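Open your viewer and get ready to select residues.

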Amino acid sequence: MIASGKKYVAEALGTLILTFMGCGAAVVLGAKSPGGHLAVALAFGLSIVACAYVIGNVSGCHINPAVSLGVLLNGGMSVIDFIGYVISQIIGAIAGAGLLKVLVGFGVHDMTGGLGSNGLAGVAGSAGAGLFVEVILTFIFVLAILGVTSKKEFGSVAGIVIGLTLAFVHIVGIPLTGTSVNPARSIGPALFAGGAALSSLWVFIVGPLVGAALAALVFRLVLNVKQD
């Protein structure tokens, strides 16, 4: 029970850091200029790298319900742990977004107008296009995670690979949906931003979960080569 508790606390803390630093970069820099765009992508990616080497040995550093779903479907965790992880991740994301809300309350200008929440403006308001983008980006991200964590010899570089992959998908996704690939990261800011961010939130929950499920399926059926 104590060990499980530590895992859940680690997941909450990691998701808080990811949300605060990633969405925080968008809040203070914006993401419309090339410099801001790349900085936000790197902020999300580097958050993963940092957390991987801090909490990875405690919880595996999922800090994302889509990642946890991929791990669950690949046989890497129990249903009970999956539920505990997801609840912890959502709590952490809400806390991270809450800290950003406090920061903005001190007078910091929010360049996004919504605490870095996701949206559909970049896909002409189309929920279908948003789903399409999020499924593809999450598929790539979770597939990379399943691949790099499948062999112990990759352990020393897994955090770097995963962080760079997250930055990689953000480079494409930021102009389109703001890039979720993480339902928790989307839930936190949307709860505080309200409005369009909240009404389109379902896209950023369903899309990443579908993408993760497809990644787990492809990995298990095609890419997971058992070694003797």
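Start with the side chain of N118, which reaches the backbone oxygen of T177 at 3.2 Å. That is a polar contact: a pair of N or O atoms within 3.5 Å; within protein, one must be able to donate a hydrogen and the other to accept it, and residues adjacent in sequence count only if both atoms are side-chain atoms. Now show T179: its backbone oxygen lies 3.1 Å from a polar atom of the N118 side chain.

Before moving on, note that this is a predicted model: local features need pLDDT of at least 70, side-chain atom pairs count only at pLDDT 80 or more, and totals for chains, interfaces and linings use all residues. Residues are numbered from 1 along each chain as its sequence is written, and side-chain values use heavy atoms, with hydrogens and water left out.

Stay with N118. Is N118 buried or exposed? N118 is buried, with a relative accessible area of 5%. Buried means under 20% relative accessible area, exposed over 50%, partly exposed in between (1.4 Å probe, protein chains only). Leaving aside neighbours within four places in sequence, N118 is in contact (heavy atoms within 4.5 Å) with residues including R185, S200 and F204.

A disulfide is a pair of cysteine sulfur atoms within 2.5 Å. A search of the whole structure finds zero disulfides. C51 is buried at 3% relative accessibility, and C61 is buried at 11%.

Last stop: select V222. V222 counts as exposed, at 58% relative accessibility.
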